[in-house]
Amino acid sequence: MASALINVPAKAKRGEIIAIKTLISHHMETGFRHTETGVPIPRDIVTHFVATYNGEEIFSARLYPAIAANPFITFSTVATESGTFEFNWTGDNGFAATEQAKIVVE
Amino acid sequence: MAGSRLDQPRRNRQRVPTRRDTLRGAIAAGAALPILCLRRAEATPADMRAAIDNVVGAARLNVGRVKIEIPPLVENGNTVPCTVSVDSPMTPEAYVKAIHVFNEKNPQPNVISARLSPRAGHANIATRIRLTDTQTVVAIAEMSDGSFWSDSVSVIITLGACLENLI
């Protein structure tokens, strides 16, 4: 199973803009390479990333083969209330991964 | 010394390759080597324009408000840090709806399309991308009022992202 790394501050002040860093381990095979014998290697990439904050979508991205292996995505959000972030990655060949992070807003 | 090359009669002397022979051989071998890094199908600036037109449509593409940051000289095209920030208040009345990144020379012009909401606070995203060759990378921001803003950056790549055969 793919492993993900998430960096979200554990605590934040209400209204503060926090940075969220995400990394999913995935080889992101572009589909443009060939084996030694000339057989094309089929594409196998993460195509979508969605982040939700207490169930509401705050960020999403469509990824293409030009994203480096182990897609690393950083974005920001306003800390509105204590709760849970959920991160979902989906991709080729039925790839799906989910990760959660909690935040306390004071 | 008995038995040494110089003591033998000229016609019996075993021919030892000279420096000149070695050089000649090396040049011939170099010429005969197939070109290993054949250029694969690549997107052209025209493909990039088509991909941008797809996003922008009939709207006008303005220059400014967006800042794309990539180191100007990159050694490894397989992981190139790329940051895009957009000047926007990020309020429900005026915010950045989406940020798109395009390249000129990879096999495909699209890199990433991110959707943001006013809840982002800042319109800043960062990721790591692949670039096959020295080229221009373009970032486009789609604003909530329907306007489009862009910025571009030229990047020199020493070693491009891997498109060659697997070894």
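**Interface**

I looked for salt bridges across the interface of chain B and chain A, and the rule finds one. The rule asks for a side-chain nitrogen of Lys or Arg within 4 Å of a carboxyl oxygen of Asp or Glu. B:Arg119 forms the salt bridge with A:Glu56. Their closest N and O atoms are 2.9 Å apart.

I noted the ground rules next: this is a predicted model, where local features need pLDDT of at least 70 and side-chain atom pairs count only at pLDDT 80 or more, while totals for chains, interfaces and linings use all residues. Residues are numbered from 1 along each chain as its sequence is written, chains are lettered from A in the order in which they are written, and side-chain values use heavy atoms, with hydrogens and water left out.

I then looked up the extent of the contact (heavy atoms within 4.5 Å). Chain A gives 33 residues and chain B gives 31 residues. The two chains bury about 2800 Å² between them, 53% of it on carbon and sulfur atoms. That area is the accessible area (1.4 Å probe) lost on putting the two parts together, summed over both.

**Sheet**

I traced an open sheet of six strands, ordered S1(A)-S3(A)-S6(A)-S7(B)-S4(B)-S2(B), with antiparallel pairing. Strands are DSSP runs of E, at least two residues, numbered from the N terminus. Two of them pair if DSSP finds at least two bridges between them. The edge strands are S1 (4-7) of chain A and S2 (66-69) of chain B.

I zoomed in on chain B. Seven bridges join S4 (residues 80-86) to S7 (residues 123-129), and these strands run antiparallel. B:Pro81 stands opposite B:Arg128 in S7(B).

**Cores**

I checked the nonpolar cores (buried Ala, Val, Leu, Ile, Met, Phe, Trp, Tyr and Cys joined through side-chain atoms within 4.5 Å). The largest has 57 residues. A:Phe59, A:Phe75, A:Phe85, A:Phe87 and B:Ile70 have the most contacts inside it. Strand S8 (residues 95-105) of chain A supplies the largest share, five residues. Another core, of eight residues, lies apart from it and includes B:Phe102 and B:Phe148.

I listed what A:Phe59 touches, leaving out residues up to four places away in sequence. Among its partners are A:Phe49, A:Phe75, B:Leu116 and B:Ile125.

**B:Thr132**

I found B:Thr132 in the loop between S7 and strand S8 (135-143) of chain B. Is B:Thr132 buried or exposed? It counts as buried because its relative accessibility is 18%; the cut-off is under 20% relative accessible area (1.4 Å probe, protein chains only). Its C-alpha atom is separated by 7.9 Å from that of B:Leu159, 27 residues apart along the chain.

Conventions:
Helix = DSSP H or I, 4+ residues; strand = E, 2+ residues; numbered from the N terminus. Buried < 20%, exposed > 50% of the residue type's maximum accessible area, 1.4 Å probe, protein only.
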